Amino acid sequence: MIATASITPILKKAKPQHPSDFRPISITPVMSRSLERFVVHNFIYSALSQPYPSLDFSDQFAFRPSGSTTAAIVAMLHTLRSMLNDNDYVHVFSFDFSKAFDTVRHASLMSKLAQLTLPDSIYSWAVDFFDNYAHCTRFAGITSEVAAIHASVIQGSAIGPASYVVTAADLHPIHKGNCIFKFADDTYLIVPGVSSSTSEKEILHLDDWAANNNLTLNRVKTKELVFTASPKTVLPPPRPDIERVTSLRIFGVVVNDKLTATDHITSLLSSSSSLLFAMRVLRAHGTPAASLHDVFRATVVSRL
């Protein structure tokens, strides 16, 4: 039986000009999502705690038990602070994969699922699930023809996020002392100053890993942020192919090269100010006070 998803394009930009400006979210059958969720929670999550030696989920903070953006940012900042105790500076490279969820090769995913401690029946179900999946796109009242899916982990499905976590489980740094932190496809490579010369090999290794898994590393969106132990530290020259920045949004938090909260607070105040202006507009149009309080709690307070 072939499961068919209906893709609804969701805007990524206010004024889209290309198909890539839309995010393909799949509307899948309720019964299918319920079964997927059962498999993920009862079998895949438990298998993540006892992976094959080549797979490691300790650096992945998304879509697994006990994982969260809070845990990710705490672990990453702790690692940075610890490295700065023994190094004059620390590199952080932020990598971007082009349409990561949409291009994962099913064969690569199945080979890694086979390394997990899963019942044969569950593994066979997963193989059948990905081999017999199709989709169509609905936009502006028009529905496309149904096409088979041979890649991607299906955004909008219950098994999709966990599948990407399994796909990325064999991505590790190749030099001792370097670290990788992942939240789904958000990937950060941390290289202490003493190992600065290994950065090139680590990036080439990540590029090769992406190619082997049918992913594309977007060098244009890849950034480098260098943290220093002292403002007088002399930094190595920036790489010609990667932009060096003074602040970076990491797991939803704006972090600057001085490890202060200034940029993050400024960003929060700016967005909250915009929301307060929107509330003044609502009040001017006669929105009741009780409703304004609800909007304030749901937007400004939740953001702070």
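Reader: Is Leu276 buried, partly exposed or exposed?

Author: This is a predicted model. Leu276 is found in helix 8, residues 262-284. Its relative accessible area is 35%. Buried means under 20% and exposed over 50%, so Leu276 is partly exposed.

Reader: Which residues form a nonpolar patch on the surface with Leu276?

Author: The patch has about 220 Å² of accessible area together. Besides Leu276, its members are Phe296 and Val301.

Reader: In what order do the five strands of the open sheet stand?

Author: The pairing in this sheet is mixed. Strand 7 (179-183) and strand 10 (243-245) are the edge strands, as each pairs on one side only. Neighbouring strands are turned by 25° against each other on average, direction ignored. The order is 7-8-3-9-10.

Reader: How many bridges join strand 7 to strand 8?

Author: Strand 8 covers residues 186-192 and runs antiparallel to strand 7. Phe181 stands opposite Tyr188 in strand 8. The number of bridges joining the two strands is five.

Reader: At what angle does helix 7 run to strand 3?

Author: Helix 7 spans residues 199-212. It lies across strand 3 (89-95) and strand 8. Its angle to strand 3 is about 15°.

Reader: Which residues is Ser68 in contact with, leaving aside its neighbours within four places in sequence?

Author: Ser68 sits in the loop between helix 1 (30-48) and helix 2 (69-84). Its relative accessible area is 30%, so Ser68 is partly exposed. Its C-alpha atom is separated by 18 Å from that of Ile44, 24 residues apart along the chain. With those neighbours left aside, Ser68 is in contact with Phe61 and Phe183.

Conventions
Residues numbered from 1 in each chain as written. Predicted model: local features only at pLDDT ≥ 70, side-chain atom pairs only at ≥ 80, totals over all residues. Heavy atoms only, no water. Patch = residues over 30% accessible without salt bridge, like charges linked within 9 Å, V, L, I, M, F, W, Y side chains within 5 Å. Areas by Shrake-Rupley, 256 points an atom, 1.4 Å probe, with all protein chains shown as cover. Salt bridge = Lys/Arg side-chain N within 4 Å of Asp/Glu carboxyl O. Helix = DSSP H or I, 4+ residues; strand = E, 2+ residues; numbered from the N terminus. Buried < 20%, exposed > 50% of the residue type's maximum accessible area, 1.4 Å probe, protein only. Pairing = 2+ DSSP bridges. Axes fitted to C-alpha atoms, helices over the stretch in contact; angles between N-to-C directions. Contact = heavy atoms within 4.5 Å.
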